[in-house]
Amino acid sequence: MTAIESINQFVDVMLDSKTRFHDIKAETDRRNESLRECISRFRSKIDSIVSKGVNVSDSELQDISQRQISELRRMLESVASSLESARKGMKFIREYEDSFNIAVFGKVKAGKSYTGNFIMGNVIRDMGISTSYDKIERPKVEVYDRGRKSTQSKLAEFDEEGKEEFRVDPNEATSTIQLFRLGGMVWIDTPGIGSVTWENEMLAKDYVDNADLIVYMSYSGNSGTKQDFKEMKELHAKGKRFLLLLTQSDTFAEDVDENGNLVSVLAPRSDNERKEMEGYICEELIKEGINDLDIDKEMLTISTKLALEALKNNDEAMFDASNLKRFLDVMVSITNNDAAKLKLSTPSQRINSAVNEIVKGLRDAESKLDEHMRSLEDARSRLSERNDYLQSKMLNECMSGITELVSQKAREIESGSSGVNASVLEDIIGSEIYRVIMKTCADEFSGREGIISGYSDSLKVEGMKDLNMRRETFTYTRQEVYEVEREARGFWENARKTVRGWFNLETRYYELGTKDRKEYISVNLGVNLQEVLSSVRNGIDSIFADKVPEIMRKVAESFIAPVAQVRENARREIESAVRELESLKI
């Protein structure tokens, strides 16, 4: 087969493969849709658990349970979102799922773009050579750089002598993703190792993870570096099919032209040099655990420059020596025999990886539920085991807090405020007991405040007295002096009254009298604080003896039961989702 026939065969196979890859995409799309539906159903079921809630009569416990369920939903929603992200994959891969994607990887200046321009065919057209490339429009190179997209006519490249060749911008050759389509194939030229843009180098590795075939290129003059073997080992560990091309396998030899002058001509490296390099690479790959390469098909020593020179001079022997014909034959063989399987394996790996990821996430969620339940059971056990200690601690804390509250009220009364009746004191004291018990339970249940408010009515102290200012009243007798009218006495008083009477003048005589009068006085003796505190202590002792242990037991039961119910509901949905997800693996 001549060079042109080899090129035509390669191009025709790439063109004919487009329909086949389109059909493969349809199958993977169906799987993706099934996966999306599974995620949607899982989310709906979790939402159903949340909306249904739990059957708890106490409003505070209901709120706590709902918060726990919401937390569970957020956790499982996060898991579902990570699955959705894994399912969708990268935007680039979704755009090119109907093609056989070949990612070209390797160090800077390994000749990736130079070889890519040969495969794209425009350089052959520019030489005026008629091939199957003429059946299609000139491919355009799409350039991706950190979210930006542009097009250009050729892949950017530096030749091995440092001169520009097919180059648009000095940075684009090393820091961007460049690709073109050829029928059913997409050739992706990635940034080299150590590229100037770290973000794009990481992006290139993501493309490698999602490519169907890797073409790893290494400069034959310096092949087998530690970086080469490191990268190839990573590719092999990921189960990626890849071809190893030792590039630029050419040299300049001295020859004599027709005039007898010495000239420098392009020539292939000697067979011994090539075999020596290939043997060394094989030995090192085996040391790295890569011992399953087909040496005749998966490792080639090539010279793209030699191939172009051969086409220019119509030199079949030189084209054969370039090994480009072997490379094209291998690409044809892979496309005809292995491409469908490889193409299907990439979305399969992505879908299977996504399924494994979500299953792991669901199992982790299940473990967290179990861990949460164990922590609640441990808290309940501690409540029981430390009952005497906790009661003593709470009783002392209650009395301390209540004494301060009642004393504060007493000081306000002494300052002129009105007294506090017994029912108000009962509420104040009951609230303080509730606060102390709530704090203790919250500590035992890892800070879950507010779980016992429904029991606050059971915590009121009975037999309370009003808190008032004590007073004592004293009685005493007071003598009052007053005037009393009397009759005239003696000669002179009667004579005077008679004479004044002749002239119609009234004459009266008075004398002083006395009488005893009882009066009362009230004296403040201070607020009846001790009396009230005494009744408080008696009432609290009764509460702690009869009610608190039962209340704390009911609190633990009432809190654990709905959480256990939620866990069981979630577990059923997790198991259902896991079974469905496992069935979607390819």
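Is Phe491 buried or exposed? Phe491 is exposed, at a relative accessible area of 59%. Exposed here means over 50% relative accessible area, buried means under 20%, and partly exposed is in between, using a 1.4 Å probe and protein chains only.

Before I go on, some ground rules. This is a predicted model, where local features need pLDDT of at least 70 and side-chain atom pairs count only at pLDDT 80 or more, while totals for chains, interfaces and linings use all residues. Residues are numbered from 1 along each chain as its sequence is written, and side-chain values use heavy atoms, with hydrogens and water left out.

Now the aromatic pairs. The whole structure holds 4 of them. Rings of Phe, Tyr and Trp (its six-membered ring) pair if their centres lie within 6.5 Å; planes under 30 degrees apart are stacked, over 60 edge-to-face, and the rest tilted. One of the pairs is Phe105 with Tyr216, edge-to-face, with 6.2 Å between centres and 65° between planes. Phe105 sits in strand 1 (residues 100–106) and Tyr216 in strand 6 (residues 213–219), so this pair ties together parts 111 residues apart in sequence. Strands are DSSP runs of E, at least two residues, and helices are runs of H or I, at least four, both numbered from the N terminus. Phe105 is buried at 2%, and Tyr216 is buried at 0%. Another pair is Phe491 with Trp492, also edge-to-face, at 5.1 Å and 80°. Trp492 counts as exposed, at 68% relative accessibility.

Next, the interior. A nonpolar core is a set of buried Ala, Val, Leu, Ile, Met, Phe, Trp, Tyr and Cys residues joined through side-chain atoms within 4.5 Å. The largest has 51 residues, and Phe10, Phe118 and Met185 touch the most other members. Helix 13 (residues 324–385) gives the most to this core, with 9 residues. A second, separate core has 24 residues, including Val420 and Ile543.

Last, strand 4 (residues 177–182). Of its 6 residues, 5 are buried. Two strands pair if DSSP finds at least two bridges between them. Strand 4 pairs antiparallel with strand 2 (residues 141–145) over 3 bridges, and Val143 has Gln178 as its bridge partner. On strand 5 (residues 185–189), also antiparallel to strand 4, there are 5 bridges, and Trp187 stands opposite Phe180. Where is the positive phi in the hairpin of strand 4 and strand 5? The turn has 2 residues between the strands, and Gly183 there has a positive phi of about 65°.
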